[in-house]
Amino acid sequence: MRNRRLTKSKQHGSGNTEEAARAPPFHLDLWFYFTLQNWVLDFGRPIAMLVFPLEWFPLNKPSVGDYFHMAYNVITPFLLLKLVERSPRTLPRSITYVSIITFIMGASIHLVGDSVNHRLLFSGYQHHLSVRENPIIKNLKPETLIDSFELLYYYDEYLGHCMWYIPFFLILFMYFSGCFTACKGESVMPGPALLLVAPSGLYYWYLVTEGQIFILFIFTFFAMLALVLHQKRKRLFLDSNGLFLFSSFALTLLLVALWVAWLWNDPVLRKKYPGVIYVPEPWAFYTLHVSSHH
């Protein structure tokens, strides 16, 4: 009788060990909501601002895009926290909480700066030109007003983006670091994951180009690649969630390369982005080559 109990306990213990070694299932719900809200609330907000009648959202009030941004600032941190909760490994709580707090603060700073900058479009502001070169700003009196607009641009494009995107990619990388399994047969993406790779990668292309965060993105991608190669030496392989995230970033890198190659010889955009790393913003391309022709 005692031997039977020992045998059953051993079998039960081995079953728990096998379950612990198994990779978690693909988080279809989280990745789907994550991709959907990114497209609607982030990519869609400047489009919604241009589509909805100006009479509904006067220039001295928040636009519909601003409300999209407010929703994004609440939903995205929540989804990131749910993603951290489902991580196969326990992630450091202090880093996670500080990252989420910084993310919310950076996204909120960006909300204000981006709101004003996009509202300036209705007054003739041109995104493909620098602040001082814009026709509606360069003749402002007193000239110190121009400094104020440059400060606004700094909060929008530099400080806001840094505080927004650095913790965002840090949390994704920390989650990715736990997406490994010892079973090579589990290193495969299910059908729904394959369908989500294209919209996810395309969104991150928009994020990298419009946010001007190519250095941060490429650093994160190569850190992920280095981690994959390191874990492979230990005979650990990416699970379905890790494969999805890595494939999305790989597609993003390809799309960014094609985007840069297509606009490589554009003289106006070259003037606005004179640095070594040339990655034009989609909205700068829009104001230069699309809206100017209408």
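A nonpolar core is here a set of buried Ala, Val, Leu, Ile, Met, Phe, Trp, Tyr and Cys residues joined through side-chain atoms within 4.5 Å, where buried means under 20% relative accessible area with a 1.4 Å probe and protein chains only. The structure is a predicted model, in which local features need pLDDT of at least 70 and side-chain atom pairs count only at pLDDT 80 or more, while totals for chains, interfaces and linings use all residues. Residues are numbered from 1 along each chain as its sequence is written, and side-chain values use heavy atoms, with hydrogens and water left out.

**Nonpolar cores**
- The largest nonpolar core holds 61 residues, of which Trp31, Phe168, Phe176 and Phe249 touch the most other members.
- Among the elements that give two or more residues to this core are α2 (28-51), α5 (144-176) and α8 (240-262), helices being DSSP runs of H or I with at least four residues and strands runs of E with at least two, numbered from the N terminus.
- A second, separate core of six residues includes Leu120, Val131, Ile137 and Tyr153.
- Leaving aside residues up to four places away in sequence, Phe168 touches Phe34, Thr76, Leu80, Phe103, Tyr204 and Leu207, a contact meaning heavy atoms within 4.5 Å.

**Overall build**
- The protein has 10 helices and two strands, arranged from the N terminus as α-α-α-α-α-β-α-α-β-α-α-α.
- Its C-alpha atoms fill a box of roughly 95 × 40 × 30 Å along the principal axes, and 46% of the 294 residues count as buried.
- Of the contacts with a separation of 6 or more, 78% are accounted for by residues 24 or more positions apart.

Methods:
Buried means under 20% relative accessible area, exposed over 50%, partly exposed in between (1.4 Å probe, protein chains only).
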